[in-house]
Every structure is written in C-alpha cells, then in structure tokens.
Amino acid sequence: MQILILDLTHGGDILSEDLTAREHKVTCVDVYRIATDEKKQALRKIGVEVTDIVPDKEYDLLISPAHGPDSFLNGSTHKKRMTFS
C-alpha cells in the first residue's frame, strides 16, 4: 500500500516506522519543517521517503493530524483518509 503521512512532529515518525516494518511504501512529509536531520535520516535509512512538500502522486491512504489543513496536500490524491492527534 502507498501511504502518505503528513507531519514528523506529532507522531508521524512513529507511524512511518511501524507501517514500513509492515512492508508498506511510506512517504512522510515534514509539513512544519521542524524535524531534525537526524530524525529524517533515521527514517530514510529504513526506507521511508521523507520530504518537505507533498509529492504530486496518488496514495492509497493519507494519514494526517486532525488539525492538519488540506492545503498541505498540493496536487496529491488519496483513496482513504485517517487522522490522528
């Protein structure tokens, strides 16, 4: 499954680790641009695609904080959405 996670600050990093371990393709976006380089590198090392902006792709699942605005999504699309807080 192609999964897009918005936010490395409020738990997106933990979700990314777990979902990657379950063999999903995960893209995690540092939408607030405050995650440390160490955190980003650790996720990349396990296979997570880490970016500062959302790639214009289609995802099976979007996971984002409940407070996250849709303006972060740019041109991406998703089939299903889940939120966390």
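Buried here means under 20% relative accessible area, exposed means over 50%, and partly exposed is what falls in between (1.4 Å probe, protein chains only). This is a predicted model, where local features need pLDDT of at least 70, side-chain atom pairs count only at pLDDT 80 or more, and totals for chains, interfaces and linings use all residues. Residues are numbered from 1 along each chain as its sequence is written, and side-chain values use heavy atoms, with hydrogens and water left out.

View 1. Aspartate 30 sits in the loop between β2 (25-29) and α2; helices (H or I, at least four residues) and strands (E, at least two) are DSSP runs, numbered from the N terminus. With a relative accessibility of 0%, aspartate 30 is buried. Leaving aside residues up to four places away in sequence, aspartate 30 touches Leu8, Thr9, Ala35, Lys40, Thr51 and Asp52, where a contact means heavy atoms within 4.5 Å.

View 2. Side chains of opposite charge can pair when their charged atoms come close. The salt bridge rule asks for a side-chain nitrogen of Lys or Arg within 4 Å of a carboxyl oxygen of Asp or Glu, and by that rule the count is seven. Here, Asp30, Lys40 and Asp52 are joined in a network of such bridges. Take lysine 40 and aspartate 52: their side chains meet at 3.2 Å, N to O. This pair ties together distant parts of the chain, twelve residues apart, with lysine 40 in helix α2 (residues 37-45) and aspartate 52 in the loop between β3 (49-51) and β4 (58-65). Lysine 40 is buried at 10% relative accessible area, while aspartate 52 is partly exposed at 34%.

**View 3. Glutamate 49 with lysine 57.** In this salt bridge, the closest N and O atoms of glutamate 49 and lysine 57 are 3.6 Å apart. Glutamate 49 is partly exposed, at 34% relative accessibility. Lysine 57 is partly exposed too, with a relative accessible area of 35%.

**View 4. From strand β4 to strand β5.** Glutamate 58 and lysine 79 form a salt bridge through their side chains (3.8 Å, N to O). Glutamate 58 belongs to strand β4 and lysine 79 to strand β5 (residues 77-84), so to speak distant parts of the chain, 21 residues apart. Lysine 79 is exposed, at 59% relative accessible area.

**View 5. Aspartate 37 in helix α2.** Aspartate 37 is found in helix α2 and is exposed, at 57% relative accessibility. The C-alpha atoms of aspartate 37 and aspartate 56 lie 23 Å apart, with the two residues 19 apart along the chain.
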